[in-house]
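Here is a briefing on one structure, grouped by topic. Keep the sequence and the coordinates open while reading.

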Amino acid sequence: MTAEDSAVLPARDRTVRPPGPLVIEIEGVTKVYEMGSETIHALRGVSLKIRRNEYLAIMGPSGSGKSTMMNMLGCLDTPTQGKYEFNGKDVASMDDDELATIRNKEIGFVFQTFNLLPRSTSLSNVELPLIYAGRPAGERRDKARRALENVGLGNRMDHRPNELSGGQRQRVAIARALVNDPSIILADEPTGNLDSKTGEEIMALMEDLYAQGNTIIVVTHEPDIAEHARRIVRLRDGLIESDGPTEVR
Amino acid sequence: MNRLRFEFVESFRIAYAQIAANRTRSFLTALGVIIGIVAVTLMGTAIGGINTGFNRSMALLGDDILYVSKHPWATDKDDWEFRNRRDIKSDAAEALQTIIDATPRSQLVKAVPTANAFRNVVRGDYQANAVFTLGTTDEYPEIATVDLRDGRFFNATESRGARNVCVLGCDVADALFPERSALEEYVTLGGKKFRVVGVFSKQGSFLGLFSFDNQIVIPLSAFKKFFVRKGSDTDVRVKMRDKEHVEEAKAELIGDMRRVRSLLPDQEDDFAISTQDSFKQALDPIKTGIAVAGLFITGLALFVGAIGIMNITFVSVRERTREIGTRKALGARRRTILLQFLIEAVAICLLGGLSGLVFSYLLFQGVEAAFPSFPIEFSFGLVLTGLFMSVVTGVVSGFAPAWSASRLDPVTALRYE
Ligand SMILES: Nc1ncnc2c1ncn2[C@@H]1O[C@H](COP(=O)(O)OP(=O)(O)O)[C@@H](O)[C@H]1O
Ligand SMILES: [Mg+2]
């Protein structure tokens with residue numbers, strides 16, 4: 001980090017919170033896509049344990065299977081083969097509705113392209129997971145408000161996505177990911193559509209969230225971004241190449 | 001349960017935003033539904049109007065009358081069965097009356113014979129065509145509402161004596177005597193001169209088809225003398241004591257008529273008893289015709305509309321594939337997505353239906369103002385029918401696209417460009 005950057009951003013606090021109970025455990029997971037006659041092995045057998053209070057980065061070149069892994073961890077997809085347990089429950093055998101419930105209650109997604117509903121205000125966007133959780137309107141409003149304030153958007157509640165900057169949109173998306181108090185936050189290239197300064201701001205926010213007690217997985221191909229995490233898993237050609245604590249330069 | 005309700009509300013909110021953002025597209029899609037609902041309500045107003053007009057006219061004729069005749073009014077049997085029956089003679093009414101008077105606590109009050117035909121009525125250079133010519137007795141006013149503008153009804157002496165006297169409907173009187181009162185003047189009916197003793201007040205028409213003001217009433221005896229060539233078939237109109245007890249009255253009348261006709265117990269009735277309901281049934285083909293035409297247009301329009309809405313919903317699903325993926329990632333179940341797109345389709349149809357109803361209502365008011373006698377009637381039931389049909393169209397047309405949306409794989413949906 002340059003001196004100029006550190007003037008804008010809070011000094012990085014490298015505290016590592018003590019690891020909690022096991023949240024995610026995958027073992028020998030493969031994912032195969034059939035594209036017509038072609039068979040793509042996106043994951044060739046990966047094993048991984050993630051505990052509460054971890055801040056993990058999944059790194060690797062484009063096409064190495066990062067997103068596939070992320071979708072799997074986020075219960076958007078099920079492995080072709082292998083074991084996946086989320087909070088001790090077997091995910092591989094769950095049906096669509098059970099997976100939907102896990103995604104709703106236990107996982108907060110942050111996407112590269114923000115994926116906000118274009119015709120809804122920030123507040124409505126953040127309320128959406130609470131609607132799917134069946135929470136009453138008053139509680140939804142309160143929680144969504146607090147989540148937006150927590151990401152510094154207390155004054156943008158009634159704005160629609162097209163009235164917000166990229167960084168602000170990603171903050172709304174982060175508030176939406178947080179609002180249901182998930183076990184884990186999954187961010188797939190969260191800074192990929194942002195300039196580097198805004199990207200750093202988002203990563204600073206992630207740092208805050210980690211400090212507040214959230215468990216975070218960030219997928220990225222940028223070393224600068226990965227460096228924020230406390231542990232880095234490197235993927236190559238659908239296999240884990242390395243897995244260990246972040247070495248700060 | 002709460003969850004479903006919240007999802008419902010949210011879906012309506014999104015549907016509203018979606019329609020508001022695509023106004024032209026939504027309107028064009030809803031056009032089929034609009035036309036369909038207009039067609040069905042117009043059909044409904046026409047049928048409703050016929051019923052009301054009918055009841056109004058029936059009150060004029062007297063809605064407490066049983067009609068005895070050789071031929072039933074409405075039947076699906078062949079005519080020859082009835083043609084070979086014995087004629088009902090005019091003295092049948094008298095015989096009936098004797099029985100009625102002798103029956104304690106009879107449900108029947110008065111039996112009066114009638115016969116009718118359509119004839120031209122002439123006076124000098126003036127002529128009224130196809131005038132409803134009714135032959136009856138001086139007791140006719142006891143079973144029908146008779147309001148006279150001028151003069152009187154013919155009396156018992158004239159009736160029994162087959163005198164050439166007549167009472168004119170007001171339109172006939174006005175047509176033949178535009179410049180002066182018809183009273184005590186003569187008109188020519190079937191080549192014979194009849195003296196006008198009375199003129200009816202205006203009564204109106206039956207559905208604009210049959211005018212009660214275009215009639216001439218003469219003594220039945222005179223009618224028989226001049227107009228009946230072969231046979232002497234007559235109808236008998238019998239007034240009931242209480243129109244709430246139609247079935248008892250009918251049963252009693254059948255028994256009485258069998259006595260009049262001297263039928264043995266194993267012989268079938270050789271006469272028919274009709275009520276206004278039978279007359280009503282005679283109208284059924286008209287109503288069925290309107291209903292078939294209306295439902296055909298409605299069905300066609302709704303079918304075309306449904307295909308349009310199905311198409312637009314498929315487009316909407318495609319345009320918002322990523323949104324569907326996002327919603328699934330946030331915890332939407334299949335049911336949630338299905339419901340959302342169904343509600344969008346239903347919302348478009350409901351808007352179309354409401355526009356159609358408003359348009360029909362304005363049209364109805366316009367027609368009502370321009371042609372007050374035209375038989376139409378708007379009802380709350382029609383509004384409900386229209387809305388119900390809109391919802392059904394929405395569900396039917398939205399289901400396939402909504403189903404396909406709900407089955408989308410979340411990862412594929414999120415990767416969709
Ligand atoms: N839904 C899919 N259908 C077919 N192939 C896929 C699908 N998703 C990913 N792939 C393929 O799997 C491999 C890994 O993709 P991905 O996980 O997106 O990589 P990364 O996110 O690391 O760039 C790539 O070759 C990609 O083309
Ligand atoms: Mg990727």
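Leaving aside residues up to four places away in sequence, B:Glu158 touches B:Arg152, B:Arg163, B:Val165, B:Arg195, B:Val197 and B:Pro219. The model is predicted.

**B:Glu158**
- B:Glu158 sits in helix α5 of chain B, residues 156-160.
- B:Glu158 has 5% relative accessibility, so it counts as buried; the cut-off is under 20%.
- Its side chain also reaches the backbone nitrogen of B:Asn155, at 2.8 Å.

- Helix α7 of chain B covers residues 220-227, and its buried residues are B:Leu220, B:Ala222, B:Phe223, B:Lys224 and B:Phe227.
- These buried residues of α7(B) pack against five strands of chain B: β2 (108-123), β3 (126-136), β6 (186-189), β7 (192-200) and β10 (215-219).
- B:Leu302 belongs to helix α9 of chain B, residues 276-319.
- Is B:Leu302 buried or exposed? B:Leu302 counts as buried, because its relative accessibility is 10%.
- Contacts of B:Leu302 are B:Gly32, B:Val33, B:Gly36, B:Met389 and B:Thr393, with residues up to four places away in sequence not counted.
- B:Leu339 is 37 residues from B:Leu302 along the chain, and their C-alpha atoms are 21 Å apart.

**Ligand 1**
- Which residues come nearest to ligand 1? Of the 13 around it, they are A:Gly63, A:Lys66, A:Ser67, A:Thr68 and B:Arg415.
- The site is shared between chains, because residues from chains A and B surround ligand 1.
- A:Gly63 places a backbone N or O atom 2.7 Å from a ligand oxygen.
- A polar backbone atom of A:Lys66 is 2.9 Å from an oxygen atom of ligand 1.
- A:Ser67 uses its side chain: an N or O atom there is 2.7 Å from an oxygen atom of ligand 1.
- The protein buries 76% of the 550 Å² that ligand 1 exposes when taken alone.
- In chain A, β1 (22-35), β2 (38-51) and α2 (66-73) each give the shell at least two residues.
- The largest share of the shell, 3 residues, comes from α2(A).
- By class, the shell holds 5 nonpolar, 6 polar and 2 charged residues.

**Helix α3 of chain A**
- Residues 96-106 of chain A form helix α3, where A:Leu99, A:Ala100, A:Ile102, A:Arg103, A:Asn104 and A:Glu106 are buried.
- The cover over these buried residues includes β4 (81-86), β6 (107-110), α4 and β7 of chain A.
- A:Asp95 caps the N-terminal end of α3(A), with a side-chain oxygen 3.1 Å from the backbone nitrogen of A:Asp97.

**Nonpolar cores**
- The largest nonpolar core has 38 residues.
- Those with the most contacts inside this core are A:Tyr55, A:Val126, A:Leu148, A:Ile174, A:Met206 and A:Ile216.
- Elements of chain A that give two or more residues to this core include β3 (55-59), α4 (122-132), α5 (137-150) and α7 (196-211).
- A:Ile216 touches A:Glu54, A:Tyr55, A:Leu56, A:Ile185, A:Met206, A:Leu209 and A:Tyr210, not counting residues up to four places away in sequence.
- A second, separate core has 34 residues, including A:Leu43, A:Tyr84, A:Ile102 and B:Ala329.

How values were computed: Residues are numbered from 1 along each chain as its sequence is written. Chains are lettered from A and ligands numbered from 1 in the order in which they are written. This is a predicted model: local features need pLDDT of at least 70, side-chain atom pairs count only at pLDDT 80 or more; totals for chains, interfaces and linings use all residues. Side-chain values use heavy atoms; hydrogens and water are left out. A nonpolar core is a set of buried Ala, Val, Leu, Ile, Met, Phe, Trp, Tyr and Cys residues joined through side-chain atoms within 4.5 Å. Buried means under 20% relative accessible area, exposed over 50%, partly exposed in between (1.4 Å probe, protein chains only). Helices (H or I, at least four residues) and strands (E, at least two) are DSSP runs, numbered from the N terminus. Contact means heavy atoms within 4.5 Å. A residue is near a molecule or strand if one of its heavy atoms lies within 4 Å of it. A polar contact is a pair of N or O atoms within 3.5 Å; within protein, one must be able to donate a hydrogen and the other to accept it, and residues adjacent in sequence count only if both atoms are side-chain atoms. Accessible areas come from the Shrake-Rupley method with a 1.4 Å probe; for residues, only the protein chains shown count as cover. Ala, Val, Leu, Ile, Met, Phe, Trp, Tyr, Cys and Pro count as nonpolar, Asp, Glu, Lys and Arg as charged, and the others, Gly among them, as polar.
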